[in-house]
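Hello,

Here is the structure I said I would pass on. Notes on what was found in it follow below.

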Amino acid sequence: MKPYFIFGLGALLLTGCTPADFHKPGPLQKEEAYNRLFPQWVELCAVSQISKKPGYGADIAGGPGGHAVFFLHGACLNPTSPYPVLTSCPDGETGVSMNSHFKNANWVGISHRDFFYNGLLKPDEPLTKATYTATKQEAQKRGLYSAIRFQDWTSEGKPADVSDEQWKYEISIGTDYAVSFGRARYCARLPVSEEQFKQVISFLNGRNALYQNGPKTFETNVLQDNCNHLTHNALAAAGFWHELPVHQFILKAALTFPVPKNEVVNLLDQTQRHDIGNLHALYHDKLTRKSLMEDGWLPTTPGVMLDSNPVKTPNEVYNTQLSLIFYDDPLLGHYNKAFDRYLNQPRYHDLKTNLLWYQGLYAKAAAERKPLDWWLKKEPAGFAPFYNAYYAWLQKQQDLIQRGLTLLSDDASAASGLMPTQPERPQGAPEHANGL
């Protein structure tokens, strides 16, 4: 998408314009174990500004607000459709990026995590002009934009010896695919239920269907319909939070438009919006009650993680001192403080620490359980089904934690050449914990 332009009073609210240290907390480890434990998850990423070195290809530059991309584990692109259409599939990996370049699509889908983020680069390789060119050629071979028409204005600056199709891949690399070539990122990861995942896919497919065959043409702007409207509303479709309408009245939109780095914090905040042991608050939050009763899911779930990845270095094509800002009050604002807090909490960066923290949280909630009759003296009769669903969910979560800790223990034993041992069952844990 185009850079974020903030103007007037809003300029006073931009904070953190100095380059961030995207090495902290670093990439997530134990990805294979994570995927076995959480088969469907989404990842909302705030990616930094992009700054192309002069004299090589299209002159691409972006502002410090950056861009947002979305990643889905458990989703594939329909192989029979040249136009991007998502479908559920085990172990599928698809990145999603919205771009103002597009005329008949809201977003493009990129298969496979490595290509979405790293193109053809291997870990720790520098980005050379040769790899940059080879990745563009591979993207065109895969036909990423074969069914997507671009806006007429995107051809400005195209050299005469470059075809229109080649130009699509030149102006989009580092934003829609091979994101790490030109951008650093922070990502918040959220496991969801199978039903919620289907709702996310349905929403994204519905957004593209609005423009696929016309006559409506996709038009985007920073305040009323930007890349984070897409990612935010994809999660809203799953009942995670409330929808943020697109094309709001301009003055209202100027006060509420989403910014990528803010949205990472918003996601993490949302997973902790209620004390998980406070059944009164959970029940009387309509969104939370609905997600439990319809999807068997609550947002205080293990597997909520925060990671970071720097731009590729050394780098022959892009500058690597990159900013990514909050839209916040620089003195009293919430976002900088909350982000620092999340960066400094190990449970958001290490899977075992994450599982152990939730194990303690759930054990406390189970130990403080009060009988239904006690609650019905305070709550309406409709509380009973919620109460039963809550404790069924809690038991399921405790089983999940035990499976995860056993999985990590077995993996560690296998890595050290030792035979895995049967872990001691924590006091109060069920004897029939399900295996993977």
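The lining of the largest pocket divides into 9 nonpolar, 8 polar and 10 charged residues (nonpolar: Ala, Val, Leu, Ile, Met, Phe, Trp, Tyr, Cys and Pro; charged: Asp, Glu, Lys and Arg; polar: the others, Gly among them). This is a predicted model, in which local features need pLDDT of at least 70 and side-chain atom pairs count only at pLDDT 80 or more, while totals for chains, interfaces and linings use all residues. Residues are numbered from 1 along each chain as its sequence is written, and side-chain values use heavy atoms, with hydrogens and water left out.

The volume of the largest pocket is about 680 Å³ (on a 1 Å grid over the protein atoms alone, a pocket is an open set of points where a 1.4 Å probe fits, with protein on both sides within 12 Å along at least five of seven lines; lining residues have an atom within 4 Å of a point; the volume is the space filled by probe spheres set on the points, joined across faces, edges and corners). Of its 27 lining residues, Pro-27, Asn-118, Pro-123, Asn-309 and Lys-312 lie nearest the centre. Helix H2 (113-118) and strand E7 (305-309) each give two or more residues to this lining (DSSP runs, H or I of at least four residues for helices, E of at least two for strands, numbered from the N terminus). H2 gives the most, with 4 residues.

Regards
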